[in-house]
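Please look over the sequence and the structure before reading on.

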Amino acid sequence: MPPSVSPAPPVAPAAPPSGTAGAELTDRLTEREHTALTLLLRGMSNNQIARAMGISIHGVKRHVSNLLVKFDCSNRTEVALVAQRLGLSSATGVPRVNPAVR
């Protein structure tokens, strides 16, 4: 008779300490990715981000795609949630965008 094997208990992913993980992640972001993240956290669409940053919509999509990879997320809402959990709010160390561009 084969020995019975009990299933392993489910393991919840460990939440990283917010200060350390947030700092490590922001160190990996370029200045433009950080700006795009800040604007994304403010609820802006890709078109609004493009106008605020003075770049094309394709440039914004590239920055958002890079954020998805670096945050290990599948959509922009998830990026925003992870960023806020890590303490990265839209008010932390935000590079100013050109106020003349609207």
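## Helix packing and the core

Helix 2 and helix 5 pack with their axes 10 Å apart, at an angle of about 95°. Angles of 65 to 115 degrees count as roughly perpendicular, so helix 2 is roughly perpendicular to helix 5. The model is a predicted one. Where the two helices meet, L37, L40 and L41 of helix 2 face R76, V79, A80, A83 and Q84 of helix 5.

Some of these residues also belong to the largest nonpolar core, which has 21 residues. L37, I49, L67, F71, V79, A83 and L88 have the most contacts inside this core. At least two of the core residues come from each of helix 2, helix 3, helix 4 and helix 5. Helix 2 supplies the largest share, five residues. In soluble globular proteins, nonpolar side chains tend to be buried together.

V79 gives a local view of the packing. Apart from neighbours within four places in sequence, V79 is in contact with L37, L67, L68, F71 and C73.

## Helix 4

Helix 4 covers residues 57-70. At 1.5 Å a residue, its 14 residues should span 20 Å, and the end C-alpha atoms are 20 Å apart, which agrees. Which residues of helix 4 are buried? They are G59, V60, H63, V64 and L67. Seen down the helix axis, the buried residues of helix 4 fall within an arc of 135°, so they line one face of the helix.

| Helix packed against the buried residues of helix 4 | Residues |
|---|---|
| Helix 2 | 31-41 |
| Helix 3 | 46-53 |
| Helix 5 | 76-85 |

The exposed residues H58 and V69 lie on the face of helix 4 turned away from its buried side.

## The loop after helix 4

Helix 4 is followed by D72, which sits in the loop between helix 4 and helix 5. Is D72 buried or exposed? A residue counts as exposed when its relative accessible area is over 50%. D72 has a relative accessible area of 68%, so D72 is exposed. The backbone of D72 is also worth a look. Its phi is near 55°, a positive value in a residue other than glycine. Most residues other than glycine have a negative phi.

Technical notes. Residues numbered from 1 in each chain as written. Predicted model: local features only at pLDDT ≥ 70, side-chain atom pairs only at ≥ 80, totals over all residues. Heavy atoms only, no water. Helix = DSSP H or I, 4+ residues; strand = E, 2+ residues; numbered from the N terminus. Expected span 1.5 Å × (residues − 1). Buried < 20%, exposed > 50% of the residue type's maximum accessible area, 1.4 Å probe, protein only. Arc of directions from axis to C-beta. Contact = heavy atoms within 4.5 Å. Core = buried A, V, L, I, M, F, W, Y, C linked by side-chain atoms within 4.5 Å. Axes fitted to C-alpha atoms, helices over the stretch in contact; angles between N-to-C directions. Parallel < 35°, antiparallel > 145°, perpendicular 65-115°, else oblique.
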